[in-house]
Each structure stands twice: as C-alpha cells, then as structure tokens.
Amino acid sequence: MEPKSSSPLLPLELGQAGEAPLPGEKKKFLPPMSRADPKFEELQKVLIEWINAQLLPEHIVVRSLEEDMFDGLVLHHLLQRLAGLQLEVEEMALTASSRRRKLTVVLDAINRSLQVEQPPRWSVDDIFNKDLLATLHLLLALAARFQPDLALPSNVRVEVILMESTKSGLKSEKLVEQLTGSSPEKDQPSRDVIDELFKLPPERVNAVREAIVNFVNQKLGRLGLSVQSLESQFADGVLLLLLIGQLEGFFLHLKEFHLTPSSPAEMLHNVRLALELLKEKDPLGVPVSPEDIVNGDPRSTLWVLYGLFCRHHPREPPAELPS
C-alpha cells in the first residue's frame, strides 16, 4: 500500500466508513467514491462471473461478494471445485457461531492450499464481517493459484481510509491499495466463461448443460413446453423469446415475431429481437452474434442462457445444495 495523505478524520468520512475502531485498533474502510470506481466494479464483476462458472453445476449463484461469501458456504464449494478437497464441515450452518466455525475450517484449508507463509491479507474476522477488500484479496489469491489466466482488469487501485483510535481521538490516513498488477496490454473485457467451461472434462460440461436445461424447463413448463436440446431448439428464436418473456414478465404480440418460422431469415429475425430485448438488461456481458445462435453454435447459445440463469436463478437454501 502507498500512503497518499494523512489528516484528522472528518465527521462525514466517519459516517460513511461505518463502525469506528476500538481504542488502540486500526481499521480500513472503503469510501463511497472508491466503491463506485468503474475498474473496481469491473474487478468484482469478473470474479463473480468466474465463481458462478465454477459453481454453476451446483446451482449456486453469487451476486454480491460481500453478502454471499462471508459465511463460508460459497468458499467451501469453490475450494472443493478448485482443489478437489473434501472438508468435514456441516453443510447447513444456521447460527452465527456455527457459520463462523465453518468459515474458520474453510479458511484454514484455503491457506494451506495456497501455501500461505506470510500473514494473509484476510482473516476470519475480516471475511465474516463482510470486509470487501479482504474478500477481494482472498479471491484474487485463489484465482492466481488455480486460474492464473483469468482476464482481470489490470492496475486496479482503490483509495482506502485507515482509521486509528488513539488517546487523543480518532485519526485517519488515506492510502492507495493495489489489487491487480499492471499490464502492458490494454485491459481485456470479461472472459467468456462458457468458453472456459468447454475446456473442462465432458462430465463437467454435461453437468452445466443439465443445470441450464432444468432451469429453462422450470420456466417454460408454465407454458406446457420442454427442452431437450439447447442448440437445436433455441436456433429459431421462438423458445428464447418465450423464455425471456416469462423471466422478464412481458408479453410479445404475435405480429412482432414468427411463431413458426419457415426460413433462416425468419429465424434470424426472432433471435435478433431476443438479443435486442436483452440489451437493456444486459445479462450477457459480451456481444453475441445472432447468426451463431441460428447456426446452433453451442457456446453462443449457452452464453445467452447462462446470462439469464445468473440473472434469474434464485440461490438455493444451503440444505438443498449438493455436498
């Protein structure tokens, strides 16, 4: 970390930072301006996409690194996927003490797997108290160990407030904390996680397909429809439009699309309309070619459905998650 300035703590900063440190204690806080930094937000987005790609077969969807990582549940399943470790911990931790106990076991295993020698930049207290900086450092260490080619935004730096309680009162210092290193190349966009999934063993890819098929059939079942083949049955755009309508809560007039397309041009019209409807909500993150979906490209089709899955699939209760 690089010091930037030192000054008495302003009341406004204290109100934004949260709970003040205890006597003799130091605490770091992220001011709102740092949280709103586009590169900082992009870093979180890439990490969330990476975690969701790893845990999609288990029907676990992460939407917030602060709210979804603190109790050890997601970290436990992520460690199982990345390192193949089976831990003797309770799957459903209901009380604060049991969650903290589970988190302690999981973090100990992570530190051993990462071969941490120096004191890490995270602790049980940090993660359990939803410290976003500590959570990011932990996830970045996991990515560096198990997914070194993950396309993270380069040179992400955030201003933090270091507060200390002294005999003379509260003191604050502004620091700049480095999260990712510099890159000679221009920052890369978020990686297509579906392309990465296709590099996994066939059984893992099939598990992802099964999870998405179950999700799609649950939604389309209300219309008396079901899907077996993602690529062929979504190529004409009809089921995709009906699925989007079910998920987003709107109705398309039959004049707007071809219910029974009889030519590639009509199929292309349907798919283009579906992708246009998704643009406003932007669950995709990267451009998708409508021609690829019409031609049955599995990566493009899965990417669209994966985006919808992440946006609309509720997180399962811990008791129902696979171990």
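## Ground rules

Numbering starts from 1 along each chain as its sequence is written, and side-chain values use heavy atoms, with hydrogens and water left out. Because the model is predicted, local features need pLDDT of at least 70 and side-chain atom pairs count only at pLDDT 80 or more, while totals for chains, interfaces and linings use all residues.

## Two nonpolar cores

Let's begin inside. A nonpolar core here is a set of buried Ala, Val, Leu, Ile, Met, Phe, Trp, Tyr and Cys residues joined through side-chain atoms within 4.5 Å. Buried means under 20% relative accessible area, exposed over 50% and partly exposed in between, with a 1.4 Å probe and protein chains only. The largest core has 48 residues, and Ile51, Leu65 and Leu75 touch the most other members. Among the elements giving two or more residues to this core are helices H3 (38–55), H4 (65–69) and H6 (96–114), as well as strand S3 (157–166). Helices (H or I, at least four residues) and strands (E, at least two) are DSSP runs, numbered from the N terminus. The most comes from H8, with ten residues.

Leu65 is in contact (heavy atoms within 4.5 Å) with Gln44, Leu47, Ile48, Ile51, Leu132, Thr135, Leu136 and Leu139, leaving aside neighbours within four places in sequence. A second, separate core holds 38 residues, including Val216, Val227, Leu252 and Leu278.

Helix H15 covers residues 298–312, and eleven of its 15 residues are buried, among them Trp303, Tyr306 and Phe309.

Helix H10 (residues 202–220) packs on H15 at an angle of about 60 degrees, with the axes 10 Å apart. Axes are lines fitted to C-alpha atoms, for helices over the stretch in contact, and angles run from 0 to 180 degrees between N-to-C directions. H10 and H15 are therefore oblique to each other; angles under 35 degrees count as roughly parallel, over 145 as roughly antiparallel, 65 to 115 as roughly perpendicular and the rest as oblique. Residues making the contact include Ile212 and Phe215 of H10 and Leu305 and Phe309 of H15.

## Single residues to look at

Ser113 sits in helix H6 and counts as buried, at 16% relative accessibility. Beyond four places in sequence, Ser113 touches Leu79, Ala83, Leu85, Arg145 and Phe146.

His59 is in the loop between H3 and H4, and Lys130 is in the loop between H7 and H8. Both are partly exposed, His59 at 22% and Lys130 at 29%.
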